[in-house]
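Please keep the sequence and the 3D view open while reading.

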Amino acid sequence: MKMITTQEAAQQFEDFAQRAHNGEKFLVTRDGEPWVVLAPPTSPKELPSKNSGLKWPDFAARLKPYYPELVAGPTATELLAEDKEDRF
């Protein structure tokens, strides 16, 4: 891995970026200390997939034992709207 300074990286970024894209790695230093690594992107196999296997739980199925049937009647929102009707 080649070491370069932040000044070199800024002045010749296009060159270093192209070389990194082609597989080279660069350690960029700031004030003589390691600061960042300029490296090629990871291969597609290493990238996390969009569908990582996480799924939303089936909330309706989980609530069914506790609330087997829907209750007929107005919803809480409708009841609140009725209650506020006479105030405005």
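## Basis

This is a predicted model, in which local features need pLDDT of at least 70 and side-chain atom pairs count only at pLDDT 80 or more, while totals for chains, interfaces and linings use all residues. Residues are numbered from 1 along each chain as its sequence is written, and side-chain values use heavy atoms, with hydrogens and water left out.

## Salt bridges

The structure holds two salt bridges (a side-chain nitrogen of Lys or Arg within 4 Å of a carboxyl oxygen of Asp or Glu). One links Asp 15 to Arg 19, with 3.7 Å between the closest N and O atoms. Asp 15 and Arg 19 are separated by about one helical turn because they lie four residues apart in helix H2 (residues 13-21); helices (H or I, at least four residues) and strands (E, at least two) are DSSP runs, numbered from the N terminus.

Arg 19 also forms a salt bridge with Glu 24, where the closest N and O atoms are 3.1 Å apart. Asp 15 is partly exposed at 38% relative accessibility, Arg 19 is partly exposed at 24%, and Glu 24 is partly exposed at 34%. Here buried means under 20% relative accessible area, exposed means over 50%, and partly exposed lies in between (1.4 Å probe, protein chains only).

## The sheet

An open sheet is formed by three strands in the order E1-E2-E3, with mixed pairing; two strands pair if DSSP finds at least two bridges between them. Strand E1 (2-5) and strand E3 (33-38) are at the edges with a single partner strand each, so one side of each has no neighbour in the sheet. From one strand to the next, the twist averages 35° (axes are lines fitted to C-alpha atoms, for helices over the stretch in contact, and angles run from 0 to 180 degrees between N-to-C directions).

E1 pairs with strand E2 (residues 26-30) in the parallel sense, over four bridges. Ile 4 stands opposite Val 28 in E2.

## Thr 29

Thr 29 belongs to strand E2 and is buried, at 9% relative accessibility. Leaving aside neighbours within four places in sequence, Thr 29 is in contact with Met 3, Ile 4, Thr 5, Thr 6, Pro 34 and Trp 35, contact meaning heavy atoms within 4.5 Å.
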